[in-house]
Amino acid sequence: MLDPRMESLLMICEKNSFTKAAEALSLTQPAISHHIRGLESELGVRLFYRSRGDLKLTTEGEIVASYARRIKGMHEKMLRSLADAQRQMTSIRVGITHTAESSLVAEVLAKYSTSSAGVRLTIITDTIKNLYDLLDQYELDLAIVEGKPPEGEMNGLLLDTDYLVCVVCNESPLAKKSMVTLSDIRKEKMILRLPGSGTQNLFVSHLESIGMSIDEFNVALEVDNIATIKDLIRKNMGISILAHSACMDELRKGKITALPIENLSMVRQINILYHKDFPHTETLQAITKLYRETAKQYT
């Protein structure tokens with residue numbers, strides 16, 4: 001069972017209030033305050049700053065909260081593993097990005113779960129940063145992300161190599177070209193992923209590497225959902241920069257056109273991240289094999 005003081009700490013962080021945390025945990029505010037004072041006394045550190053009604057974790061508080069989230073995640077993972085053992089099954093929580101959700105990854109995970117007896121997958125879609133945090137806190141077993149895996153306690157398995165392309169409507173004059181230039185793109189209305197997404201970050205960083213800025217382009221719309229972006233492109237509402245892997249089904253069916261960008265090679269890895277103590281290595285091998293077999297159907 002998670003230490004009640006840790007539960008109180010995490011709820012205060014979530015609610016940003018001692019009073020609201022007490023209400024959420026069905027405790028009194030003095031009880032919550034007692035929990036925090038007890039932690040501070042035991043650890044010899046101050047956990048929160050209070051200033052003009054604002055509540056903020058200290059540097060030491062950030063460290064304690066980070067480990068508390070990890071402990072809570074491991075406790076919940078233990079309970080799931082015990083339940084799995086009783087039911088003689090394996091539950092695996094997989095985090096994927098929005099790009100992966102629109103690529104082969106979701107299809108491959110669905111194929112694996114439906115063809116593997118005794119295995120149940122739970123797929124959670126989020127940003128790369130949040131997926132890293134959830135994996136670190138043991139709230140995920142695996143995370144499939146684009147880009148180089150971070151250094152640390154995680155293992156990484158290369159699943160594929162992906163690259164960004166300029167995606168246009170089939171009726172667009174650009175669709176007749178074998179490639180587009182940045183000058184071509186600057187003349188068009190653009191529909192991009194949200195700032196902070198891996199796709200936009202990669203595009204922006206490559207622009208900056210050649211002395212350009214995203215502000216030089218006519219970004220008319222920013223959308224988080226990749227399926228929505230592709231639908232708008234098909235309706236000739238604008239062009240976009242997307243991962244090739246996220247467009248493979250539409251490209252195979254001839255619904256949109258994808259073009260390379262002259263002098264801009266935006267390549268990135270797709271990796272499976274997992275803890276070093278992840279016990280189901282056969283799952284990693286099976287997913288990797290199934291991914292490669294499925295990818296051949298789109299080439």
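This is a predicted model: local features need pLDDT of at least 70, side-chain atom pairs count only at pLDDT 80 or more; totals for chains, interfaces and linings use all residues.
**Reading helix packing and loops**

Trainee: Why are α6 and α12 called oblique to each other?

Mentor: Helix α6 (residues 104-115) and helix α12 (residues 281-296) pack at about 120°, with axes 9 Å apart. Angles under 35 degrees are roughly parallel, over 145 roughly antiparallel, 65 to 115 roughly perpendicular, and the rest oblique. The pair is therefore oblique. The axes are lines fitted to C-alpha atoms over the stretch in contact, and the angle, from 0 to 180 degrees, is taken between N-to-C directions.

Trainee: Which residues of α6 and α12 meet?

Mentor: Contact means heavy atoms within 4.5 Å. On the α6 side, Leu 104, Val 105 and Tyr 112 are among them, and on the α12 side they include Ala 286, Ile 287 and Leu 290. By class, this contact has ten nonpolar, two polar and two charged residues.

Trainee: What makes the phi of Gln 88 worth a look?

Mentor: Most residues other than glycine have a negative phi. Gln 88 is not a glycine, yet has a positive phi of about 55°. You will find Gln 88 in the loop between α4 (59-87) and β3 (90-96).

Trainee: How do you know whether Gln 88 is buried or exposed?

Mentor: Buried means under 20% relative accessible area, exposed over 50%, and partly exposed in between, using a 1.4 Å probe and protein chains only. Gln 88 has 73% relative accessibility, so it counts as exposed.

Trainee: And why does Asn 236 get its own accessibility class?

Mentor: Asn 236 comes out at 47%, so it counts as partly exposed. Asn 236 also has a positive phi, about 65°, and lies in the loop between α10 (226-234) and β9 (240-243).

Trainee: How many helices and strands does the chain have?

Mentor: Twelve helices and eleven strands, where DSSP runs of H or I with at least four residues are helices and runs of E with at least two are strands, numbered from the N terminus. Of the 299 residues in the chain, 43% count as buried.

Notes:
Residues are numbered from 1 along each chain as its sequence is written. Side-chain values use heavy atoms; hydrogens and water are left out. Ala, Val, Leu, Ile, Met, Phe, Trp, Tyr, Cys and Pro count as nonpolar, Asp, Glu, Lys and Arg as charged, and the others, Gly among them, as polar.
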